[in-house]
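This report describes selected features of the structure shown below.

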Amino acid sequence: MNSYSGFGRIILTIVMAMCLRIAPWPGFLTNINPDWVLLVLIYWTIAVPERVGIFHAWTIGLLTDVLTGRVFGQYALAYSLIIYVCLLLHKRLRQFPLPQQGLFIFFCLLFTQMLLFWLNNIQHPAQLHAFFWLPVFTGTLCWPLIYTALRRVRLSRRTK
Amino acid sequence: MALLITEYRSHRLDSLRATLSVVVDPIKYLIDLPSVLIEQTAHSVSSYSTLKRENTRLREEQFIDKTRLLKFDSLEKENIRLRALLENSFKLGEQLLIAELLSINMAPYEHIVVVNKGTRFGVHPQQPVLDANGVVGQVFRALPFSSEIMLITDPNHAIPVQVNRNGLLTIAVGSGQLNRLNLPFLPNNADIRPGDLLITSGLGGTFPSGYPVAVVDDFTPITNKPFVNITATPKAMLDRNRELLIVWSDSSPVSLTTKPTPEASKPHPNDQSSGSGLVGEAPAGARAGTDSDDQSAGSGLTREAPAGARAGTDSDE
């Protein structure tokens, strides 16, 4: 098993997720653009926990912070907490059927969004739109898509 | 990790952010690539006649602008003379840099855009950003290869403005909508009405004075509240322009002699290093520094003025 190429794939998918994250979506889609990076990270944590750890999550979180121009460490903190939970539960999560995984993802995304909301409120108490919570739902709906797509990516590697 | 958040309050992590941004910036340019390609292909396939028509139109526009500038030159001279009469300092123009918008979307609820010029071009935070119609915003964060610009309509942005008609000073706060600014700090009896042009007042030091910001479009007094509800529409085309101008305002005042010194005519990019204190201090420093020049120029002009007046009355008789 070639560990190097596997890692390359992980990085490639995460870069793609970052692209999706900052891509200019038309109109209303901007408001419901889910946190692709986190979804991809969660998938890789569940699938190959020996490759993706909290440190990776933290680094990627930092990069996301820089990419989206947020307060330093905001996404780093959120991602590392979520990935920690995923690492703890990865064996159980793998056994879950897709809807149950979706429920777990929903709470993960909700927690991230709440954390970001709280951190934003500390900086400057802003009134947020109700749309702020929509990415949680769209992210959950996107999970099966990401799961099957990334699973294909991962398995195609194994057959080679 | 929580340390990082608290550490953000100081500017110690800026260099780390700059380093990391070098890693991430290619993604921004990658995302921008399709729109650039589309634009380029559109340019390359546009027909000869369209290009020719556009060329003629642009040439006409340039001609008209040049003629206007001729007048501007004399107006500027007149302005300098008038200010000399008032013994006031005169600020010369600004240096501009054209930056192109990267079509990426940072965060959905903030009006922050990214442009393709960064600290490599001398861009620094708190620089004002304009377009052809008015003020767009200010540089919020400068990274090596890109910089983030907060638009004037961001809910966290406020810009000191002045009503062009009567000089009434107030502050325009972003509303979160791209076509609206709020003016929350004016009393019910303020002399302001729909159609008034708001220009930057130059207070606060970030924005140079005199640039158009917005046009007042609604004035609704609230009977039992001390402040009136005023909304304005930004002059700049915030959602349509791809090219923006980043401005280095020359904060060092020019002496009132007729020809400006070479260092004054060529502003330094790093002039405006310490945000807000500058404008408050500039006039005082100018008066102290160029005092002798001022008085000679001023007195020379005042001495001439009566002569001119006398000449005028002579001819009348």
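In this predicted model, 27% of the 317 residues of chain B count as buried. Chain B holds 6 helices and 12 strands. Among its contacts with a separation of 6 or more, 60% join residues 24 or more positions apart.

Helix H3 of chain B covers residues 48–85. Its 38 residues should span 56 Å at 1.5 Å a residue, and the end C-alpha atoms are 55 Å apart, which agrees. The number of buried residues in H3(B) is 1 of 38, so this helix lies largely in the open.

In chain A, helix H3 (residues 54–68) packs against helix H4 (residues 74–95), with the axes 7 Å apart and an angle of about 150 degrees between them. Because angles over 145 degrees count as roughly antiparallel, H3(A) is roughly antiparallel to H4(A). The crossing of the two helices, H3(A) and H4(A), is right-handed. The residues that make this contact are set out by helix in the table.

| Helix | Residues in the contact |
|---|---|
| H3(A) | Ile54(A), Ala57(A), Trp58(A), Ile60(A), Gly61(A), Leu62(A), Thr64(A) and Asp65(A) |
| H4(A) | Gln74(A), Tyr75(A), Ala76(A), Ala78(A), Tyr79(A), Ser80(A), Ile83(A) and Tyr84(A) |

By type, the residues of the contact of H3(A) with H4(A) comprise 11 nonpolar, 4 polar and 1 charged. An α-helix has 3.6 residues a turn, so residues three or four places apart point the same way.

Notes:
Residues numbered from 1 in each chain as written. Chains lettered and ligands numbered in written order. Predicted model: local features only at pLDDT ≥ 70, side-chain atom pairs only at ≥ 80, totals over all residues. Axes fitted to C-alpha atoms, helices over the stretch in contact; angles between N-to-C directions. Helix = DSSP H or I, 4+ residues; strand = E, 2+ residues; numbered from the N terminus. Parallel < 35°, antiparallel > 145°, perpendicular 65-115°, else oblique. Left-handed = near helix turned anticlockwise from the far one by under 90°. Contact = placed C-beta atoms within 7 Å. Nonpolar A, V, L, I, M, F, W, Y, C, P; charged D, E, K, R; others polar. Expected span 1.5 Å × (residues − 1). Buried ≥ 20, exposed ≤ 12 C-beta atoms within 10 Å, placed from the backbone.
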